[in-house]
Amino acid sequence: MQKRAVTKEGKMKNSNIKGKNKKKRKIFLIIVIILIILLLSGTWFGYRVYKNGGGLQGILATIVGHDENTLKNLPKVYCLVTGQSQNLTDTLMLCSYDPKTQEASILSIPRDTFIGKNKNRATAFDKINALYQTSPEKTIKEVSRITGIDIKYYLNIDTEALKEVVDSIGGVYFDVPIDMDYDDPTQDLHIHMKKGYQLLDGDKAEQVVRFRHNNNGTSYPIEYGDNDLGRMRTQRDFLQAIVKKLATPATLTKINDFIKIANKNVTTNLDLSLAKDYAPYAVEFKSENLKTYTLPGTPELCNGVWIYTHDVSETKKVVEELFGSQEDNTKDTNEKETSNKNNKSTTTSKKITEQEKKENSKIKIEILNGTADNSKLSKLKDKLKEYGYNVTKTGITTNTSKTTIINRTGKNSSIINGIKSTIGDIGVSSTGSNNSNVDITIIIGKDY
């Protein structure tokens with residue numbers, strides 16, 4: 001009996017050992033499978049990173065879903081950048097960026113550039129900086145006429161954005177060219193800076209880029225470029241310094257901060273959500289690839305008003321040097337949608353009372369066309385007006401797939417749903433800052 005009991009106990013122990021070994025083998029097998037999956041995934045991801053250019057660019061491009069053909073199809077982008085403070089447009093720059101060549105150019109346009117017909121009758125309203133208050137589209141049209149470049153996009157930046165961006169990245173080192181001493185109580189602008197290389201926070205950065213002359217009338221040296229010419233040179237130099245600071249991996253952690261700052265302080269007809277198409281390549285941009293220049297011309301005193309007359313022949317040379325031959329950014333690389341899809345929104349039919357039309361007329365709407373089909377903008381504008389909506393602004397933006405309704409002034413959901421129903425129950429809704437002087441922005445996508 002004793003021997004039998006021992007044998008049974010031995011068998012039980014042996015069974016337990018076998019069970020444990022089997023469990024260990026199972027765990028080991030699972031670990032091996034997981035490692036193989038991770039290895040294959042890592043190999044695939046690494047291959048995609050390599051195909052997308054490698055490095056940080058390749059990683060970001062892969063993360064946002066790009067492939068090796070995405071960069072090939074990204075066009076050179078032109079944008080008119082304006083700087084605004086207290087409703088005054090002091091800075092105008094035509095900017096370009098080519099992600100394929102990693103080259104960027106900036107042409108500064110003096111705010112006093114004459115756009116009138118008769119210099120002998122010149123007034124302050126004949127200066128280009130007066131146009132933006134009327135319409136950013138008119139400013140784009142005038143700069144396009146002066147430069148010969150087909151500009152589609154504008155980006156108006158309040159100086160508050162500059163201050164917040166500089167502060168968010170811990171300041172920017174910059175060589176302040178001269179001592180600056182200026183006060184303008186009407187704008188609550190006080191500039192007191194010492195010459196020399198130093199770390200500028202947001203407030204000091206604003207002082208430097210807005211400085212034009214001192215309280216005693218002195219300005220930058222003639223060889224530097226006095227008054228507005230000097231200010232534009234300083235602005236371009238500072239922009240190079242901030243681009244150099246921004247184009248570093250450390251700033252990637254600040255991307256959400258930049259988006260919030262842009263929503264508060266930037267007015268544009270460019271769909272900022274599409275910045276992800278260019279962002280993976282912009283991180284590799286080097287400041288030495290940035291070319292800058294000022295619109296060639298001469299300051300003149302005409303009819304008691306200082307104006308800046310641009311030199312047509314020299315401007316042509318400078319534009320060619322900075323921007324080269326312009327690409328056709330209007331080319332649509334995608335097939336046109338069928339007429340049924342194009343007319344999707346027009347098939348919606350609903351009755352509306354005069355009282356509803358009256359209520360709708362209180363809602364200011366901006367329409368931005370994110371497709372290559374200009375007829376879509378006209379159709380949507382007519383449809384909204386048919387239902388009483390007040391369409392105050394129209395423009396174009398980067399091609400986008402989905403129609404988006406941006407609620408800028410916190411309108412209730414019934415109003416948003418009413419607009420969505422009017423345009424055909426398509427697209428997505430989002431919220432945005434009130435930086436366009438409208439209640440609603442509608443970006444037309446290819447689904448319209």
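This is a predicted model: local features need pLDDT of at least 70, side-chain atom pairs count only at pLDDT 80 or more; totals for chains, interfaces and linings use all residues.

1. Residues are numbered from 1 along each chain as its sequence is written, and side-chain values use heavy atoms, with hydrogens and water left out.

2. The protein chain holds 15 helices and 17 strands, taken as DSSP runs numbered from the N terminus (helices H or I, at least four residues; strands E, at least two). Of its 448 residues, 44% are buried, where buried means under 20% relative accessible area, exposed over 50% and partly exposed in between (1.4 Å probe, protein chains only).

3. Among contacts in the protein chain with a separation of 6 or more, 70% join residues 24 or more positions apart, a contact being heavy atoms within 4.5 Å. The accessible surface amounts to about 24,800 Å², with 54% of it belonging to carbon and sulfur atoms; these areas come from the Shrake-Rupley method with a 1.4 Å probe, and for residues only the protein chains shown count as cover.

4. Y197 lies in strand β8 (residues 196-200) and counts as exposed because its relative accessibility is 59%. Together with Y173 and L199, Y197 forms a nonpolar surface patch of about 360 Å² accessible area.

5. K76, in the loop between α3 (70-73) and β1 (77-85), deserves a look, since K76 is buried yet has no salt bridge, and the nearest side chain of opposite charge, D98, is 5.3 Å away. A salt bridge here requires a side-chain nitrogen of Lys or Arg within 4 Å of a carboxyl oxygen of Asp or Glu. The side chain of K76 does reach the backbone oxygen of F323, at 2.6 Å.

6. Helix α7 (residues 202-210) is largely enclosed by the rest of the structure, because seven of its nine residues are buried; these are G202, A205, E206, Q207, V208, V209 and R210.

7. In helix α15 (residues 413-422), the buried residues are I416, G418, I419, S421 and T422. They pack against the helix α14 (374-386) and the strands β13 (364-369), β15 (404-407), β16 (428-431) and β17 (440-444). After α15 comes G424, with a positive phi near 115 degrees.

Terms used: Patches are made of residues with over 30% relative accessible area and no salt bridge: like charges are joined within 9 Å, nonpolar side chains (Val, Leu, Ile, Met, Phe, Trp, Tyr) within 5 Å. Lys and Arg count as positive and Asp and Glu as negative; His and the chain ends are not counted. A polar contact is a pair of N or O atoms within 3.5 Å; within protein, one must be able to donate a hydrogen and the other to accept it, and residues adjacent in sequence count only if both atoms are side-chain atoms.
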